[in-house]
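Here's a walk through a protein model for someone meeting it for the first time. Have a look at the sequence and the fold, then read on.

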Amino acid sequence: MAKLALEQVTREFDQVKAISDISFKVPNGEFWVLVGPSGCGKSTILRAIAGLEKITAGSIYIDDLLVNDIPARQRDVAMVFQNYALYPHLTVGENLAFGLKMRQVPSNVIREKVETIARSLSISHLLKRKPKQLSGGQQQRVALGRAIIREPKLFLLDEPLSNLDAQLREQTRTELKQLHQQLGITTIYVTHDQVEAMTLADQIIVLDRGQIQQIGTPQEIYNQPVNRMVATFIGSPPMNIIPATYQDDYLVLHNQRLLLTPQVLKSLQLQGREFFDLGIRPEHIHICNSSEDLATTNQLEVIIQLVEPLGHQTLIQATLAESQQIVNFYANSDWRGSRGDRQKVTVDLERLLIFPAAD
Ligand SMILES: Nc1ncnc2c1ncn2[C@@H]1O[C@H](COP(=O)(O)OP(=O)(O)OP(=O)(O)O)[C@@H](O)[C@H]1O
Ligand SMILES: [Mg+2]
């Protein structure tokens, strides 16, 4: 276990900054997740921490020790890549034991550790098999086990579940979380799967184009995104972004109006802005169905475009009436409506977010 700190780390390739001015501090034993779109610099950060990538500027500390010039193998860091490689001629058990054997750990200790890790990852029954006799998912779990078994100071995982099918992905995600709770190894996990980020992380770092956009707990990132990139990257379907203006206590969205209470107006912090974009999560828009709802001044009219039953609820894509503006929201699974219907909806005004208008 160790703590980790990056200070203003930059990596340039041919004068192009792959990552720029990256700073964060991970306390001992925490599980942090790096998310962002393809090419935003996630792997570059992991490789820099592991010592596989020289950095152009900045400092990396593992347990307060500056490691910039310490070679990878002396950093006591284990990394699992998306394209892991097992030793094909060794059994699963031997693959797991390999690193410990190299370190001359006594064989009874090795046996015990192999059994424990294998149990945690549900691969106990595979210990005598060779890698080619395993499914992709089983191989991936062996690779995770092999990296974690020597209990490194830092555990770095670069999209380790991306080769798995959806069900196995979910199962392995849960196992990883349990494993982390048992072992408490400081972990940095890279993914572009936001569900993985939300479910696994103590803290999430959202990256875009080589720069940190926001660091926060999953709840902070989801509920208080600092900008439009974070707001629309996390959440599926993404947050609705709707151009709006403010006039005489009303928000005006494509000729429809929402009356703002003084409290909501204050919390929105419009700061004299006339044009801006409203952010509304799909779950904060609701079908009006009671007379109470219908009496409020807080409603919009939409035209249903697409109805997607999800089982426990129904996802609806609609357009704001008399506009092309698409909005996504949910209805209860017993809601009946179809394409072309006009529908009144209400909005949780206190959950609205404001972003500067797009260029
Ligand atoms: N060896 C290299 N030479 C030149 N450019 C590179 C090199 N390695 C990475 N880059 C560039 O640095 C940027 C960040 O790459 P990186 O691999 O860190 O992205 P990523 O976030 O891991 O993406 P992905 O989700 O696709 O794996 C990209 O624009 C990439 O093209
Ligand atoms: Mg990558």
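## Ground rules

This is a predicted model, where local features need pLDDT of at least 70, side-chain atom pairs count only at pLDDT 80 or more, and totals for chains, interfaces and linings use all residues. Residues are numbered from 1 along each chain as its sequence is written, while chains are lettered from A and ligands numbered from 1 in the order in which they are written.

## Two domains

The protein splits into domain 1 (4–233) and domain 2 (240–356); these bounds come from an automatic or database domain assignment. Their C-alpha centres sit 39 Å apart.

Where do they touch? Four residues of domain 1 are in contact with five residues of domain 2, contact meaning that the C-beta atoms, placed from the backbone, lie within 7 Å. On the domain 1 side, that's one nonpolar, two polar and one charged residues. In this scheme Ala, Val, Leu, Ile, Met, Phe, Trp, Tyr, Cys and Pro are nonpolar, Asp, Glu, Lys and Arg are charged, and the others, Gly among them, are polar.

## A six-stranded sheet

Helices (H or I, at least four residues) and strands (E, at least two) are DSSP runs, numbered from the N terminus, and two strands pair if DSSP finds at least two bridges between them. One open sheet has six strands in the order S6-S7-S8-S3-S9-S10, with mixed pairing. S6 (77–80) and S10 (211–216) are the edge strands with a single partner each, so one side of each has no neighbour in the sheet.

Inside that sheet, S3 (residues 31–35) and S9 (residues 203–208) run parallel, joined by four bridges, and Leu34 stands opposite Ile205 in S9. Helix H1 lies across S3, S6, S7 (154–158), S8 (186–191) and S9, at about 150° to S7. Helix H4 (residues 136–148) packs on the sheet too, touching S6 and S7, with its direction at about 175° to that of S6. Axes here are lines fitted to C-alpha atoms, for helices over the stretch in contact, and angles run from 0 to 180 degrees between N-to-C directions.

## Around the ligand

How values were computed: Two residues are in contact if their C-beta atoms, placed from the backbone, lie within 7 Å.
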